[in-house]
Amino acid sequence: MGTTAARRRARRTLTGAGAAVLLLAGAVTGCRADGAGGEGERGAQAAPRWNTAPASVAAVGDSITRGFDACSVLADCPEVSWATGDDPAVRSLAVRLLGESGAPALSWNYAVTGSRMADLPGQLASAAAHRPGLVTVMAGSNDVCRSTAAAMTPVAEFRSGFEQALAGLRAASPASQVYVSSVPDLQRLWEQGKDLPMVRQVWKLGICQSMLADPLSAAPEATARREQVRARVVEYNEVLREVCGRDALCRYDGGAVFQYPFTAQQLSRWDWFHPGKDGQARLAELAHRQVTAPEPPR
């Protein structure tokens, strides 16, 4: 009897020790019975998720985000900016997200008329100081709108500038989300105004000559130049998509602005190139739809 009881006690001790070893091994390796890794689950839970209701908005970019020529000739009009303006006819992204009372104190516009991708790092550095919940980026039009097609920013340089800008923002404000607008289809804008004599006279003043020079010319050289400019816009948009896609908190618009069928009604009455109030409202609507969507555009 005594020997049998001793053997039973020994077996129970060994069984308990084995279970303890298995539990310890599971804790060290992070493995579960179904083979899934506990650390992997924790990593997935810790991955940043897109917030469809950011608490503040900062905007960077060029003349479009400054509302240039939307209210008067050759002047910025930030109050109608699609990103941060307060004009009720536009209902900017900031107003749609933060409300009319909240937007003024919680939105900032660091876009600069005439700026190119090379200027974006500095603008984002200013925006990052506010630790904004969302930063809007609309840049690239001035990289393609040059005096000649040959003067357009090389694609590699455009890419380097955007990568540098986004890296700088991440270092200064890691949690800020970024909404990146595609570059508009400038060829479509040419199509909207080329047949109007008054518009052609305005364009002669020097607006985006890489696309708008000799607007009625059907010569092979002119046609090839316009196609070259449009192709560069497509290349820029692919860069924006690729670079943004590597950042978990960056959302590209999927080409929404590039594909939008802007009409003459939505263009400035002073240059028939920049968005007017109606165009700014359309940009705000597109951005709000993308920012508040549960998933990014495909």
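Which cysteine does a disulfide join to Cys-244? The partner is Cys-250, with an S to S distance of 2.1 Å; a disulfide here is a pair of cysteine sulfur atoms within 2.5 Å. The structure is a predicted model, in which local features need pLDDT of at least 70 and side-chain atom pairs count only at pLDDT 80 or more, while totals for chains, interfaces and linings use all residues. Residues are numbered from 1 along each chain as its sequence is written, and side-chain values use heavy atoms, with hydrogens and water left out.

The structure holds three disulfides, and with the bonded cysteines numbered in sequence order, they pair as 1-2, 3-4, 5-6. The link of Cys-244 and Cys-250 is left-handed, with -115° about the S-S bond. Cys-244 is buried at a relative accessible area of 1%, and Cys-250 also counts as buried, at 11% (buried means under 20% relative accessible area, exposed over 50%, partly exposed in between; 1.4 Å probe, protein chains only).

Cys-71 is joined to Cys-77, S to S 1.9 Å. The torsion about this S-S bond is about -70°, so the disulfide is left-handed. Here Cys-71 is partly exposed at 31%, whereas Cys-77 is buried at 1%.

In the remaining pair, the sulfur atoms of Cys-145 and Cys-208 lie 2.0 Å apart.
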